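Student: I would like to learn how to read packing and pairing from a model. Please take me through it one feature at a time.

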Amino acid sequence: MTPFSYTRAGSVDEAIRLGAGPQTKYLGGGTNLVDLLRETLERPTALVDVSGLSSTIEELPDGGILIGASATNTAIAEHRAVRARYPMLTRAITAGASAQIRNMATAAGNILQRTRCTYFYDNAGSRCNKRSPGQGCDAIDGFNRNHAVLGASSSCVATHPSDMCVALAALGALVHIQNEHGTRVLALTDLHRLPEDHPDVDTTLTPGELITAIELPALPMAARSTYRKIRDRSSYAFALISVAAAIELEGESIKDVRIALGGVAHKPWRAWQAEASLKGNVAITENFCAAAEAELAEARPLRDNAFKIDLAKRAIVAVLSALAGEKSMGTRA
Amino acid sequence: MTHTVYVNGSEEQLPDDPRVSVLDFLREHLQLAGVKKGCNQGACGACTVLVDGDQRILSCMALAVQYEGRAITSIEGLAKNGSLDPLQQAFIDHDGFQCGYCTPGQICSSIGMSAELRRGVPSHATDDLSTETIDLSHDELRERMSGNLCRCGAYNGIVAAIAESHARANP
């Protein structure tokens, strides 16, 4: 690690003031940032520890939930109201990382972990536009089984590794942000960027902005929701494909539906096209298949990851079918 | 600010350099070599220690300065009055190790897991999220301990030791 100063922020205002300094990073649980510091992929000169700021999980009068940015992944997953009203979120969090990491990792830190791939970490041996802008990308013609099939660019094909964020994208979560001038609220789906020609920039946050809370809007349909993750080993591995989904039926037709995908893109991927093709239609397999086809129509495989396109389609259909009760509906999809 | 941390009950001065991980602090500064450095990148669990009694964390990913004023328990802190923790004894009884390198992490992790079970924290293996109590089934145990790798493959003994210890503590 290159040398840095360390300050623990006692308040959001203090954090923002300290965070305005040059080469300054906010520190949450450290489960991604400490690793990046050790590999010298991040070289800040100052760390502002915000892990002591709000970690409350508050049930809002309208039925939503407001999660303090420093709430741990475990605290969110085990919260009774989250489990009852947004089961996909508990399912997504418990599908990610290990218990030790979930005990350390904060909500905002999970959101702001770097979109990354193994070539990004290979400091000495590989070219990476995310690590060194303009250098080139060795993943595009390399071992890219785990890489993106949607929304990638000629400069970067990495995927965002978070499970939690896939559920947050499907739930329409709102990210509360504070900066020197005030506060703003941003949809999670607008926070992460696609790589385009600037894969070194993962989010739309401006330097020094701080995530203070994550709001889950009231969404009664989310009580019937789940998260399915497909990976190379059955625990403690990143997603090849994951699906977060909720469905609300009215008779046999789909009144509303939420779908987001993980493991496919530089950001958690809200499946807007699949959702649009399903709303108002009958909840049958043919329509689920058509929705999955619509969402993956623009998918572009690399050398090793064409399987992800079919896998994503099948996962979407399987999860929707389970939620709609076409097959015996297990509590785990 | 006192700039100290409690390690196995003793108040210790934290390092001045904020780059020092809890892992290196324990091993290199306090000579508590029970905690092990496996991957040093959050992938193996060998460095697992307990914070504030029963919260399991990875000490390799934790900067020591972040834990000011808090209590850290390493494998050296588990024996009481010269007697091993029952879980330590169970690992011996069931041959829950071969080389022993992952063992301190396995044991600390298992203690943290028990606390999570008592709180009713669900896991990926939990079928019903509304449940108040979770039985430590074979699937639950394996899932909840999946953050601790054993390259010798002593998993059968590890699982047996944890299952027996858990059953004795929860008759």
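Student: Which domains does the assignment give for chain B?

Tutor: The model is a predicted one. For chain B the assignment gives domain 1, covering 4–77, and domain 2, covering 86–169. The centres of domain 1 of chain B and domain 2 of chain B, taken over C-alpha atoms, are 21 Å apart.

Student: How many residues of domain 1 of chain B are in contact with domain 2 of chain B?

Tutor: On the domain 1 side of chain B there are 14 residues in contact, and they meet 13 residues of domain 2 of chain B. Two strands of chain B, β3 (48–51) and β4 (55–58), each supply at least two residues of the domain 1 side. The most comes from β3(B), with three residues. By class, this side of domain 1 of chain B has seven nonpolar, four polar and three charged residues.

Student: How should I read two packed helices?

Tutor: Two packed helices are described by the angle between their axes and by the distance between those axes. Take helix α2 (residues 86–93) of chain B and helix α3 (residues 103–119) of chain B: their axes come within 10 Å and cross at roughly 130°. The two helices, α2(B) and α3(B), are therefore oblique to each other. The crossing in which α2(B) passes α3(B) is right-handed.

Student: Which residues of α2(B) and α3(B) meet?

Tutor: From α2(B) come Leu87(B), Gln88(B) and Phe91(B), and from α3(B) come Thr103(B), Ile107(B), Ser110(B) and Ile111(B). The classes in this contact of α2(B) with α3(B) are four nonpolar, three polar and no charged residues.

Student: At what angle do the axes of α2(B) and α5(B) cross?

Tutor: The axes of α2(B) and helix α5 (residues 155–169) of chain B cross at roughly 140° and come within 8 Å. That angle makes α2(B) oblique to α5(B). Their crossing is right-handed. The contact uses Pro86(B), Leu87(B), Ala90(B), Phe91(B) and Asp93(B) of α2(B), together with Ala161(B), Glu164(B), Ser165(B) and Arg168(B) of α5(B). By class, α2(B) and α5(B) bring five nonpolar, one polar and three charged residues to this contact.

Student: Are α5(A) and α9(A) roughly parallel or roughly antiparallel to each other?

Tutor: Helix α5 (residues 87–94) of chain A and helix α9 (residues 164–171) of chain A pack at an angle of about 160°, and their axes are 7 Å apart. An angle over 145 degrees counts as roughly antiparallel, and α5(A) and α9(A) are therefore roughly antiparallel to each other. Here too the label for the crossing of α5(A) past α9(A) is right-handed. On α5(A) the contact is made by Met88(A), Leu89(A), Ala92(A) and Ile93(A); on α9(A) it is made by Met164(A), Val166(A), Ala167(A), Ala170(A) and Leu171(A). The class count for α5(A) with α9(A) is nine nonpolar, no polar and no charged residues.

Student: How do I read a sheet?

Tutor: Strands of a sheet pair through backbone hydrogen bonds, in either a parallel or an antiparallel sense. In chain A, five strands form an open sheet with antiparallel pairing, in the order β4-β5-β8-β6-β7. Its edge strands are β4 (57–59) and β7 (182–187) of chain A, each pairing on one side only. On average, neighbouring strands of this sheet are turned by 20° against each other, direction ignored.

Student: How many bridges join β4(A) to β5(A)?

Tutor: Three bridges join β4(A) to strand β5 (residues 65–68) of chain A, and the two run antiparallel. Ile57(A) is placed opposite Ile67(A) in β5(A).

Student: Which strands pair with β6(A)?

Tutor: With β7(A), β6(A) forms six bridges in the antiparallel sense. Leu174(A) has Ala187(A) in β7(A) as its bridge partner, and a hairpin of two residues joins β6(A) to β7(A). With β8(A), β6(A) forms five bridges, again antiparallel. There, Gln178(A) has Leu210(A) in β8(A) as its bridge partner.

Student: Which helix lies across β6(A) and β8(A)?

Tutor: Helix α1 (residues 12–19) of chain A lies across β6 (174–179) and β8 (210–216) of chain A, and runs at about 130° to β8(A).

Student: How many residues does the contact take from chain B and from chain A?

Tutor: The contact takes 31 residues from chain B and 29 residues from chain A. On the chain B side, β4, α3 and α4 (138–144) each supply at least two residues. By class, the side of chain B that touches chain A has 11 nonpolar, 12 polar and eight charged residues.

Terms used. Residues are numbered from 1 along each chain as its sequence is written. Chains are lettered from A and ligands numbered from 1 in the order in which they are written. This is a predicted model: local features need pLDDT of at least 70, side-chain atom pairs count only at pLDDT 80 or more; totals for chains, interfaces and linings use all residues. Domain bounds come from an automatic or database domain assignment. Two residues are in contact if their C-beta atoms, placed from the backbone, lie within 7 Å. Helices (H or I, at least four residues) and strands (E, at least two) are DSSP runs, numbered from the N terminus. Ala, Val, Leu, Ile, Met, Phe, Trp, Tyr, Cys and Pro count as nonpolar, Asp, Glu, Lys and Arg as charged, and the others, Gly among them, as polar. Axes are lines fitted to C-alpha atoms, for helices over the stretch in contact, and angles run from 0 to 180 degrees between N-to-C directions. Angles under 35 degrees count as roughly parallel, over 145 as roughly antiparallel, 65 to 115 as roughly perpendicular and the rest as oblique. A crossing is left-handed if the near helix is turned anticlockwise from the far one by less than a right angle, and right-handed if clockwise. Two strands pair if DSSP finds at least two bridges between them.
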